[in-house]
Amino acid sequence: LTVLGMESSCDDTAAAVLRHEPGTAPVILANVVMGQAALHAPFGGVVPELAARAHAEKMDLAVEQALAGAGLSLGDLDLVAVTAGPGLIGGVLAGVMCAKGIAMGAGLPLVGVNHLAGHALTPRLTDGAGFPYLMLLVSGGHCQFLLVEGPDRFTRLGGTIDDAPGEAFDKTAKLLGLEQPGGPAVEREAARGDAARFRFPRPLLDRPGCDMSFSGLKTALIRSRDQVMAGRGGLTRQDRADLCAGFQAAVADVLAEKSRRALAECTARGLRPTAFAVAGGVAANQALRLRLTEVAGDVPFLAPPLRLCTDNGAMIAWAGLERFRAGGTDGMDLAARPRWPLDRQSPSLIGSGR
Ligand code: ATP
Ligand code: FE
């Protein structure tokens, strides 16, 4: 089957064409991602209204480019898959509308995909991961442990109670005058820094379970930064690097320890995960990957390539295909949903948008 996948839930307009025949490895024929970083840069964050407009303007082009890249036309497709939530509602709507138009015009079946399911099923696309596996989804908007037991069976073992780590990386960069997105900038600085100079808290490690908190790190960072600034009137390059290193070490410590607990939780439930996988933009962080590899121990650690870790159409095409094969399709009444928790969907409702 050849699937078009479309994604527009945040600040990337993405379209991909994926082909898969059972018993073979899936092939990503094209994977177009049009970021909106420049559009939102002056505002220091994603402006939902601007994002929605840009998605509406660019989605057609993204789809055209994906088809051209794959050397295919609409008539070669078997299925249209689109993110139907959760996310910024204007953007999700723009994608869903465009997908409906294509599905109707080309006479193709349509499936709505949960964006988080797209991330969570990525290890199956990239590594053929078998069920069950443990997934740490760690991005700009999300942070959660998911036990994935089937294409529509997700159990949330814990997650952040406030900020997502990517958000914390972005805020840290902003507070230190580094460019956005903050993750890569902070990681670069941290590589030259001394993580021991500033001691940041490791929130919630004293409590059982897999829940996490990252908002306190920001407060701690502001305090340390202001202390240095008060003493010296400004930050040196080394101060910045040390602050980044201290912050990144704290995030990695928390995620590593909670990952250890999430793996233990799988065992406690009598399950042997086939893999421990990460997804989301923060999974690009090399220091973090190293820590998580250690924690995984004997369990294979899977970290998809970065372009499939961050928002993309290929993961939506794949999740849509899995759902389609399980018998799911949507009609022209497919709704866009701003909120859509992964673990509270009964199979009959997955992707239906109702
Ligand atoms: P979501 O997918 O949850 O809706 P999003 O679109 O913001 O949110 P992604 O595109 O998956 O998330 O990831 C972007 C986030 O990843 C940003 O917050 C960015 O700072 C962070 N990030 C990217 N690279 C790194 C890195 N090397 N280290 C840490 N964080 C990183
Ligand atoms: Fe995402």
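A residue is near a molecule or strand if its C-beta atom, placed from the backbone, lies within 6 Å of that molecule or strand. The model shown here is predicted: local features need pLDDT of at least 70, side-chain atom pairs count only at pLDDT 80 or more, and totals for chains, interfaces and linings use all residues. Residues are numbered from 1 along each chain as its sequence is written, while chains are lettered from A and ligands numbered from 1 in the order in which they are written.

**View 1. The shell around ligand 1.** Ligand 1 is surrounded by 20 residues. The closest are Gly-140, Gly-141, Gly-166, Gly-183 and Gly-281. Helix H5 (165-175) and helix H6 (182-190) are the elements that give two or more residues to this shell. H6 supplies the largest share, 4 residues. Helices (H or I, at least four residues) and strands (E, at least two) are DSSP runs, numbered from the N terminus. By class, the shell holds 6 nonpolar, 11 polar and 3 charged residues. Here Ala, Val, Leu, Ile, Met, Phe, Trp, Tyr, Cys and Pro count as nonpolar, Asp, Glu, Lys and Arg as charged, and the others, Gly among them, as polar.

**View 2. Helices H7 and H8.** Two packed helices are described by the angle between their axes and the distance between the axes. Helix H7 (residues 215-232) packs on helix H8 (residues 237-268) at about 160 degrees, with the axes 11 Å apart. H7 is therefore roughly antiparallel to H8. Axes are lines fitted to C-alpha atoms, for helices over the stretch in contact, and angles run from 0 to 180 degrees between N-to-C directions. Angles under 35 degrees count as roughly parallel, over 145 as roughly antiparallel, 65 to 115 as roughly perpendicular and the rest as oblique. From H7 come Leu-217, Leu-221, Ser-224, Arg-225 and Val-228; they meet Asp-239, Leu-243, Phe-247, Ala-250 and Val-251 in H8. This contact of H7 with H8 has 7 nonpolar, 1 polar and 2 charged residues.

**View 3. Helices H6 and H8.** The axes of H6 and H8 cross at roughly 110 degrees and come within 7 Å. That makes H6 roughly perpendicular to H8. H6 brings Val-186, Glu-187, Glu-189 and Ala-190 to the contact; H8 brings Arg-240, Ala-241, Cys-244, Ala-245, Phe-247 and Gln-248. The classes are 6 nonpolar, 1 polar and 3 charged residues.

**View 4. Gly-87 in its loop.** Gly-87 lies between strand S4 (79-85) and helix H3 (89-106). Gly-87 is buried, because 27 C-beta neighbours lie inside 10 Å. A residue is buried if 20 or more other C-beta atoms lie within 10 Å of its own, exposed if 12 or fewer, and partly exposed in between; C-beta atoms are placed from the backbone. Ser-9 is 78 residues away in sequence, yet its C-alpha is 4.6 Å from that of Gly-87. Leaving aside neighbours within four places in sequence, Gly-87 is in contact (C-beta atoms, placed from the backbone, within 7 Å) with Ser-9, Cys-10, Val-92 and His-115.

View 5. A cis peptide bond joins Phe-131 to Pro-132, with omega about -10 degrees. Pro-132 sits in the loop between helix H4 (115-127) and strand S6 (133-138). Gln-180 and Pro-181 are also joined by a cis peptide bond, with omega about -10 degrees. Pro-181 belongs to the loop between H5 and H6. Leu-204, in the loop between H6 and H7, has phi near 70 degrees, a positive value in a residue other than glycine.

Terms used. Contact = placed C-beta atoms within 7 Å.
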